[in-house]
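User: I'm new to this one and would like to learn how to read it. Could you walk me through a few features?

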Amino acid sequence: MKLVPIFLLFTSLLFAQTKSYYYPVETSLKDYHITAIEEDAFGRLVIGSEKGVFSFNGFQSKQITSAKLYSKDIIQLVKLSKKLIGLNRTGQLFEIKGNELALITLPQIGQQILKLEKAKDGNLRIVCPDAVYLFKTNPFSLVSKTEIPFYVKGKSELIDYCENDKGRFALLSSNELVDINEQVARTLPGMTGRWLIGEQNGLIIFPAKPNSHISLQYINKRFKNLNKLIGAFNHSIQKVVRIDEKVYLLSETGLIVLKAGDMRVKSIIVGLHVTAVFKDKNSNIWLGTKSKGLYCMPAGSYKLLNSTEFSYLDSYRDEIIARSNSGEMMVLNKFGKKVRNMSQKEEITQKEWKTRGVYRIPAILSDEFVKELIPLKNDYFLIVSSKGLFTIQAKTEKELREKLTKNKERQIILESPVKLFQQSDTNEVLFSNLDGLFTLDLNTLEYRSISYFNETIDPSEILFHKNCWYVLSSANKIFTIKNGKVTHEVNFRENGSNLPISKLKIYKDQFYILSDKTLYRTTNLTGNLERLEELSRMNDLFLRDFVVVGNKVYVATQFGLFEFKWEKVKTDFPTFILGKPTGDHQKDHSNTFEAANTEVVIPYELVELMGNHPYELQYRLVRNNKKDQVRWSNASLNLTRLTFEHLNSGAYSLELRLFDPGTGSYSTPDAITFKVKASWYEETVIWFIAGLLTGFFGVLYLKRRKHLKKKQS
């Protein structure tokens with residue numbers, strides 16, 4: 001499933017610049033007009049559109065049967081406890097029951113239904129132009145009906161309704177705010193109201209165009225002007241939704257997110273006709289759009305700090321050293337802001353490198369690239385270049401530079417292009433070329449190959465830490481090397497898993513491992529890995545590099561620089577929904593199959609809304625409870641059923657679980673049982689009776705033979 005993230009940066013002229021990260025989710029509903037989003041008991045998204053109701057489990061969309069509806073154009077969905085109630089364009093109410101819609105008939109309501117709401121007591125509130133109804137839902141029964149004061153059909157009808165701790169309020173089409181408890185109407189001063197949002201002790205009244213007209217705050221029976229939303233898009237607001245402490249203004253051209261209370265702009269998204277917004281149980285925000293499908297804003301404390309594309313990150317004196325795709329080196333502060341450009345001399349001063357015993361002068365000569373110069377004994381220098389390893393003798397820097405261009409002055413150690421080169425704090429060096437990995441002694445200048453079970457090692461990263469070498473190979477393995485020998489291997493392709501590793505770094509005695517989808521860390525390469533959970537929820541990012549500064553992690557992607565806090569979060573595995581086993585010879589729709597049954601099909605559904613899917617699906621079919629004789633097998637996450645053919649008789653249990661190849665953890669297996677009956681010739685009783693009969697007739701035969709022998713004698 002391909003997901004293409006989009007990043008949009010916009011500025012409110014009154015408030016600080018904000019950036020939003022969101023990505024489109026492949027649901028097969030791209031061309032639909034999504035009007036409502038909810039979540040069912042299994043964690044699936046239930047999506048209302050102009051073409052009906054769909055469920056989405058993170059892998060595929062499935063339409064829910066709606067044959068009884070006059071119109072498939074869904075206006076709203078509301079979740080009440082375990083019930084999902086919906087409203088369509090023609091005013092029909094329905095309840096979603098499994099894969100079908102059941103109509104709800106309420107004879108008490110004779111007017112058009114404007115909207116459905118969940119009341120504080122969990123009941124269903126139905127808002128109509130002339131009245132507000134409250135219903136219990138189990139079973140459906142009318143609790144109360146509140147008629148709207150000052151209602152006049154066609155002139156003064158209810159257009160929005162809100163409740164708070166101070167009372168109940170109605171906004172009328174005559175531009176009046178009605179306090180229903182006090183039976184008082186007040187004309188809105190200086191604006192035409194369209195939407196009401198409740199606060200604990202007051203109201204916020206929005207106009208249709210909040211950037212062109214003021215908004216009002218109503219508190220203590222008085223109106224207070226609020227600023228226009230300067231810098232927002234110049235289009236009418238189609239819907240206003242409050243979720244927790246944020247207010248979402250939905251428009252034909254985007255979305256404004258405000259902080260409830262002070263109405264500060266948190267972020268603005270432009271370029272989407274946003275028609276629905278929903279927050280799931282994991283705090284992810286889902287956006288429904290018109291003709292552009294479903295979008296997700298993953299939950300988390302992450303920040304998109306800088307939109308520049310970086311290919312390299314490092315840290316130096318609590319600052320971030322970054323190289324852009326264009327090759328520009330710069331220094332960033334902890335907020336991701338560019339402090340200054342970095343010159344080559346500033347990257348590492350000559351004095352600092354001399355302290356370490358290295359003169360690093362990346363230089364391109366006429367036909368080679370000199371990567372490093374390392375001072376040796378007796379005024380000798382080791383040249384590390386694209387041609388190999390050489391030594392030259394020079395007493396001054398001027399002499400050294402002159403001899404660099406003269407091949408005759410060099411003594412050859414190894415003529416082969418050096419790919420990677422890393423020096424330790426001892427006299428040992430590890431380097432690689434086309435022939436593999438080598439160790440070099442700077443005292444003797446002798447080198448030898450390092451292999452593992454006679455296989456060459458092709459390193460992509462070489463690190464030295466606490467008297468040990470750590471080598472990340474192109475074969476997705478990490479080798480620990482000491483005294484020129486491999487002492488430990490970590491294989492990320494074992495047990496059928498494959499975790500592509502691109503970077504290996506060490507910060508504060510912890511190993512950080514960057515994969516294609518997320519970042520891991522561990523204090524011990526022999527143990528399980530800890531995953532950066534927030535990054536795992538973000539989809540289709542190309543993770544190019546990372547750096548750890550203090551307690552924060554900075555990750556470079558194709559969309560810019562992200563900041564993360566590494567927080568320990570409990571990993572909740574996705575949910576399995578196991579269906580009922582079916583077959584061609586099934587007994588009374590039970591989980592028992594006749595002996596003539598040729599196949600057993602077990603449908604299942606995996607609910608994992610975040611499209612990253614860092615898990616692997618495993619299953620095993622256990623017969624007669626002999627679990628130790630059955631191994632786990634891998635299956636595709638996109639499968640929706642497992643089929644088993646020509647099973648022998650016995651009691652079976654199908655177990656499904658998820659495996660996280662990064663952390664090495666497993667989910668608790670979900671299981672479903674069924675039974676295949678034995679054929680008549682497999683029944684124990686039949687064989688017992690047959691044995692008795694055979695024995696009986698055998699005894700008769702022997703007695704008769706004995707009797708005949710006596711006669712003959």
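**Reading the structure step by step**

Analyst: Happy to. Let's start with a pair of strands: 6 bridges link β54 (residues 552-557) with β55 (residues 560-565), and the two run antiparallel. Keep in mind that this is a predicted model.

User: Which residue of β55 does V553 face?

Analyst: V553 sits opposite F564 in β55.

User: In what order do the strands of that open sheet come?

Analyst: Read across the sheet, from strand to strand. Here 4 strands line up as β30-β55-β54-β53, with antiparallel pairing. The edges are β30 (303-306) and β53 (545-549); each has a single partner strand, so one side of each has no neighbour in the sheet. On average, neighbouring strands of this sheet are turned by 30° against each other, ignoring direction.

User: Which strands form the other open sheet, with β3 in it?

Analyst: That one also has 4 strands, in the order β3-β4-β5-β6, and its pairing is antiparallel. β3 (34-39) and β6 (61-64) are the edge strands, pairing on one side only.

User: Now helices. Why do residues three or four places apart point the same way?

Analyst: An α-helix has 3.6 residues a turn, so residues with that spacing point the same way. Now try it on helix α3 (residues 397-404), whose buried residues are L400, K403 and L404. They span an arc of only 105° around the axis, which puts them on the same side of α3.

User: What do the buried residues of α3 pack against?

Analyst: They pack against three strands: β36 (369-375), β37 (380-385) and β38 (388-393).

User: Which residues line the largest cavity?

Analyst: The lining is made of N597, T598, E599, V600, F644, E645, H646, L647 and V676. To place it among the strands, look at β59 (599-607) and β62 (641-645), as each supplies at least two residues of that lining.

Notes
Residues numbered from 1 in each chain as written. Predicted model: local features only at pLDDT ≥ 70, side-chain atom pairs only at ≥ 80, totals over all residues. Heavy atoms only, no water. Pairing = 2+ DSSP bridges. Axes fitted to C-alpha atoms, helices over the stretch in contact; angles between N-to-C directions. Buried < 20%, exposed > 50% of the residue type's maximum accessible area, 1.4 Å probe, protein only. Arc of directions from axis to C-beta. Contact = heavy atoms within 4.5 Å. 1 Å grid on protein atoms, 1.4 Å probe; cavity = no way out; pocket = protein on both sides within 12 Å on 5 of 7 lines; lining within 4 Å.
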